[in-house]
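Colleague: Before we go through this model, could you set out the terms you rely on and then show me how the values meet them?

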Amino acid sequence: MSDLSGPVPVQHRRGTVYAVICASNQNRSMEAHHVLAKHGFNISSYGTGSAVRLPGPSLDRPNIYSFGTPYEEIYQDLIRKDPQLYTNNGLLQMLDRNRRTKRAPEQWQESKAVFDVIFTCEERCYDAVVEDLLNRGETLSLPVHVINLEIRDNHDDAAVGGKLFLQLATMIERAQDREDELGRILEDFQRQTDANLLHTICYF
């Protein structure tokens, strides 16, 4: 039986195009984006929310930004507001990673890109992506696998989630025929990790 524990060497990749999606394209999706990009995967990331929401000084005072606001700008804004608070709660460290990974958070609904596999980080985002793809209509007749792995929105769980997405993407890349083997791959992944996945096929 082949070893599935390590990432696939870059030269063995066959060009699967991935996206990973959470609500605000800040924590869970960006951790996965960072990890998969570091291992050579063709990866993009998005949020499904109406705006980017980050914790503020209290639950009823979040920091809200438009999608497309550069991570650097958000980082500097939080430093101006309260550097101690946003260092202690991990937001500045998170944004530092984000700004080194890509320029700005992107909204899924505005994307025109085509993917082979879309990972989502919670069922609400999974539902939003599936609904959006259905509303777009099948214009290209290109299948896309939408797979949800439930990840709580905190830094520790996002780090675990990034490793799980890497493991799953590595298993997918090792397949000789992705379309034929994906059902078995997801079963194997769930058995190995005890993860509870959602999976459907949509079309671009």
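Modeller: I call a residue buried under 20% relative accessible area, exposed over 50%, and partly exposed in between, with a 1.4 Å probe and protein chains only. This is a predicted model, in which local features need pLDDT of at least 70 and side-chain atom pairs count only at pLDDT 80 or more, while totals for chains, interfaces and linings use all residues. Residues are numbered from 1 along each chain as its sequence is written, and side-chain values use heavy atoms, with hydrogens and water left out.

Colleague: Why is His-33 called buried?

Modeller: Because its relative accessible area is 7%, His-33 falls under the 20% limit and is buried. His-33 belongs to helix H1, and, leaving aside neighbours within four places in sequence, it is in contact (heavy atoms within 4.5 Å) with Val-20, Ile-43, Ser-44, Ser-45, Thr-101 and Lys-102.

Colleague: Which residues of the largest nonpolar core touch the most other members?

Modeller: A nonpolar core is a set of buried Ala, Val, Leu, Ile, Met, Phe, Trp, Tyr and Cys residues joined through side-chain atoms within 4.5 Å. Of the 27 residues in the largest one, Tyr-18, Leu-36, Phe-119, Ile-147, Phe-165, Leu-168 and Ile-172 touch the most other members. The elements giving two or more residues to this core are strand S1 (17–22), H1, strand S5 (117–120), S6, H6 and helix H7 (178–193), and H6 gives the most, with six residues. Among the residues that Phe-165 touches, not counting those up to four places away in sequence, are Val-20, Leu-36 and Phe-119.

Colleague: What makes S5 a strand covered on both faces?

Modeller: In a regular strand the side chains alternate between the two faces of the sheet. In S5, Val-117 and Phe-119 lie on one side and Ile-118 and Thr-120 on the other, and all are buried.

Colleague: How do you know that S5 pairs with S1?

Modeller: Two strands pair if DSSP finds at least two bridges between them, and four bridges join S1 to S5, so these parallel strands are paired. Phe-119 is the bridge partner of Val-20 in S5.
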